[in-house]
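User: I want to learn how to read helix packing and ring pairs in a model. Where do we start?

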Amino acid sequence: MSIRLLEHLRDELIATGIVQNTPEFCRSWLGRSEGYIRVLRYNRIDPSVETLAICSNKLGHYAARLNGSDANNHKAWALKLINLKALCDSAISRQAEAGTFQMFLLSLVDDKGVDIAHVESHSIIQSTLVR
């Protein structure tokens, strides 16, 4: 889900002319290498909360700067950035909730005497709890 979010953010920033391409988006807005999205897609993993937080922070920073301008088109861009920041913040919240739930499940599994080192995913945890 979050890879699609990053691609949506990138596409919106390219459409407004704020960034020119994916490598620039990854470096300037995510604080990552230019191939970051490609690596995420190849490994089928979501971006880190840290990466989403960096992007959210930059979106908020530039939205505030644009909002301070007297130009009408800057205010429209600021609104676009605020909406994109809200999407980022929502993804951060979902990942944080998922992480908290995973920690809870791990504590349950640990209480049942299962070796945490061998628990690799939610499905293994859930199947262990059902037994």
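Analyst: Start with the axes. Each axis is a line fitted to C-alpha atoms, over the stretch in contact for helices, and the angle is taken between N-to-C directions. This model is predicted.

User: How is a pair of packed helices described in general?

Analyst: By the angle between the two axes and the distance between the axes. Here, take helix α1 (residues 2-15) and helix α4 (residues 49-67). Their axes come within 12 Å and cross at roughly 30°.

User: What does that angle say about the orientation of α1 and α4?

Analyst: Angles under 35 degrees count as roughly parallel. α1 and α4 are therefore roughly parallel to each other. The crossing of α1 past α4 is left-handed.

User: Which residues in α1 and α4 meet?

Analyst: From α1, Ser 2, Leu 5, Leu 6, Leu 9 and Leu 13. From α4, Leu 52, Cys 55 and Leu 59. By class, this contact has seven nonpolar residues, one polar and no charged.

User: Now the rings. How many aromatic pairs does the structure hold?

Analyst: One. Trp 29 pairs with Tyr 62, at 5.5 Å centre to centre. The planes are 50° apart, and the pair is tilted.

User: Which parts of the chain does the pair link?

Analyst: Distant ones. Trp 29 lies in helix α2 (residues 22-30) and Tyr 62 in helix α4, 33 residues apart.

User: Is Trp 29 buried or exposed?

Analyst: Buried means under 20% relative accessible area. Trp 29 has 6%, so Trp 29 is buried.

How values were computed:
Residues are numbered from 1 along each chain as its sequence is written. This is a predicted model: local features need pLDDT of at least 70, side-chain atom pairs count only at pLDDT 80 or more; totals for chains, interfaces and linings use all residues. Side-chain values use heavy atoms; hydrogens and water are left out. Axes are lines fitted to C-alpha atoms, for helices over the stretch in contact, and angles run from 0 to 180 degrees between N-to-C directions. Helices (H or I, at least four residues) and strands (E, at least two) are DSSP runs, numbered from the N terminus. Angles under 35 degrees count as roughly parallel, over 145 as roughly antiparallel, 65 to 115 as roughly perpendicular and the rest as oblique. A crossing is left-handed if the near helix is turned anticlockwise from the far one by less than a right angle, and right-handed if clockwise. Contact means heavy atoms within 4.5 Å. Ala, Val, Leu, Ile, Met, Phe, Trp, Tyr, Cys and Pro count as nonpolar, Asp, Glu, Lys and Arg as charged, and the others, Gly among them, as polar. Rings of Phe, Tyr and Trp (its six-membered ring) pair if their centres lie within 6.5 Å; planes under 30 degrees apart count as stacked, over 60 as edge-to-face and the rest as tilted. Buried means under 20% relative accessible area, exposed over 50%, partly exposed in between (1.4 Å probe, protein chains only).
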